[in-house]
Amino acid sequence: MTHKGRILFAVALSTMALGLTACNDDEDASSSAQDSPSASAPASSDPGSESPSASTGDDGAAPAGGDTTAPGTKLKIGDKAVLPFTYGTEKKGTIAVTVTAIEKGAEADMAGFGAKAKGMTPYYIRMKVENVGGTDLAYASLKLRGELEDRGPTGIVLIGDLPGKCDNETAPRDFTTKGASYETCSLSATKTTPITAASFDEGDAYSDSPVLWTN
């Protein structure tokens, strides 16, 4: 199931304000609000696209043995992390995430977003997600963040996907049993140095010490 909803650009740097929403990370709020056009991907009739955003809390259903991947763990592409997961207000469980690739796209891939995307290089974080806890996580979605080669943030937040290039799939209807799995992609982008890592930073335990996958 593919989410092809609206894509917003939100930029933390005051010199790169691109979206309806600005990330005011230690910046002057007035400068971040100067330029706020929006861009849209093709609309979808997919009911899964109306689901609430995914978030992870510390009270997610971790395995009884406490064998979730510790905050701050550094992994390689192809390694699996077991993570507590909360989606919306009702769905909780434990998932295993394996980042399978971080692929560099072409600037031309962003052409549909207009002049504000000029100079922006997309990166596609591809992953496999598995239901470890066996709870009902149907239609849930997960997004990982891209990080630059110096481990700094990209300063750009993209909500959505690039159909045919990086499809942000929601979990299928039968993602309710232990061992169920699906593949998805998180879209990230940079105007500066390359993106070489993907991070999971949802929930209090991981917000300051994310799990990180690197090439």
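Accessible areas here come from the Shrake-Rupley method with a 1.4 Å probe, and for residues only the protein chains shown count as cover. On that basis the protein exposes about 10,000 Å², of which carbon and sulfur atoms supply 49%. This is a predicted model, in which local features need pLDDT of at least 70 and side-chain atom pairs count only at pLDDT 80 or more, while totals for chains, interfaces and linings use all residues. Residues are numbered from 1 along each chain as its sequence is written, and side-chain values use heavy atoms, with hydrogens and water left out.

**Overall fold**
- The protein has two helices and eleven strands, taken as DSSP runs numbered from the N terminus (helices H or I, at least four residues; strands E, at least two).
- Along the sequence these follow the pattern β-α-β-β-β-β-β-β-β-β-β-α-β.
- Of the 215 residues, 47% count as buried (under 20% relative accessible area, with exposed over 50% and partly exposed in between; 1.4 Å probe, protein chains only).

**Serine 199**
- Serine 199 lies in strand 10, residues 195-200, and is buried, with a relative accessible area of 1%.
- Beyond its neighbours within four places in sequence, serine 199 is in contact (heavy atoms within 4.5 Å) with Leu144, Arg145, Glu147, Pro210, Val211 and Leu212.

**Aromatic pairs**
- The structure holds three aromatic pairs, meaning rings of Phe, Tyr and Trp (its six-membered ring) with centres within 6.5 Å, where planes under 30 degrees apart count as stacked, over 60 as edge-to-face and the rest as tilted.
- One of them is the stacked pair of phenylalanine 85 and tyrosine 87, 6.5 Å centre to centre with 15° between the planes, and both residues are buried.
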